[in-house]
Amino acid sequence: MEKLRRFIWYLAGRLFFVLALAGICTVVFYYAMNASNIHIVLKDGMARRAQVIMMEEDPAELGKFFQSSYLQLDQNLQIALDDQSPYICYNIRGIDHRLKMTWMWCWPWDNIARAEFTEEIPRIDGRVKPQYSATASALYGENYESPPRWQGGRYSAVLVKENGQWHIRSLELLEALQPAE
């Protein structure tokens, strides 16, 4: 009887170890899956936002990345949609968008995630539109032929999972970064 009890405790201990290891592996897998999905949503969403602001792209695609309630409150986006963007005088052909996620947390079973990241656009390929050269010269001085620098920043984001997809619910600018020269 003593040997049977030891054998059962031995099996129970090993089973507990295997189940704990399987649980940890599952949590790590779902965390990694959420982290990669969140990084993609942030990277593509912020790049699309910059393209809408600078390049007059279709803002309808922003709904894939942002909640509509946030889009209505985004001041930079609303300025661009009202044709008041500082890039309205320029024909922007391309941008070098860079996003670096510095921190992210989301429990595997939760539908809310928080992330911190930095966004920069060190290069903007564009020239002043001929019909706006006088306006751009008056606004931006002697360097008016090149578009104004993008104000990069360190952001805090809250994302929510809706119908199996992550969307950016809110962005908060934590620190404005100096534009690259």
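## Second largest pocket

In this predicted model, the lining of the second largest pocket consists of 5 nonpolar, 2 polar and 1 charged residues. The residues concerned are Y90, I124, Y140, N143, S146, P147, P148 and R149. The space in the second largest pocket comes to about 200 Å³.

## Largest pocket

The largest pocket holds about 370 Å³ of space. Its lining is made up of 17 residues, and R49, D74, N76, W150 and Y155 are the ones nearest the centre. By class, 10 of the lining residues are nonpolar, 4 are polar and 3 are charged.

Several elements contribute to the lining of the largest pocket: helix 1 (2-55), helix 2 (68-73), helix 3 (75-81) and strand 4 (165-176) supply at least two residues each.

## Helix 1 and the residue after it

Helix 1 has 54 residues, so at 1.5 Å a residue it should span 80 Å. The C-alpha atoms at its ends are 78 Å apart, in agreement with that expectation.

E56 follows helix 1 and sits in the loop between helix 1 and helix 2. Although E56 is not a glycine, its phi is positive, at about 55°. E56 has a relative accessible area of 47% and is therefore partly exposed, since exposed residues are those over 50%.

## D83

A positive phi is also found at D83, which is not a glycine; the value is near 60°. D83 belongs to the loop between helix 3 and strand 1 (90-105). With a relative accessibility of 51%, D83 counts as exposed.

Key: Residues are numbered from 1 along each chain as its sequence is written. This is a predicted model: local features need pLDDT of at least 70, side-chain atom pairs count only at pLDDT 80 or more; totals for chains, interfaces and linings use all residues. Side-chain values use heavy atoms; hydrogens and water are left out. On a 1 Å grid over the protein atoms alone, a cavity is a set of points where a 1.4 Å probe fits but cannot get out, and a pocket is an open set with protein on both sides within 12 Å along at least five of seven lines; lining residues have an atom within 4 Å of a point. Grid points are joined across faces, edges and corners, and a volume is the space filled by probe spheres set on the points. Helices (H or I, at least four residues) and strands (E, at least two) are DSSP runs, numbered from the N terminus. Ala, Val, Leu, Ile, Met, Phe, Trp, Tyr, Cys and Pro count as nonpolar, Asp, Glu, Lys and Arg as charged, and the others, Gly among them, as polar. The expected span of a helix is 1.5 Å times one less than its number of residues. Buried means under 20% relative accessible area, exposed over 50%, partly exposed in between (1.4 Å probe, protein chains only).
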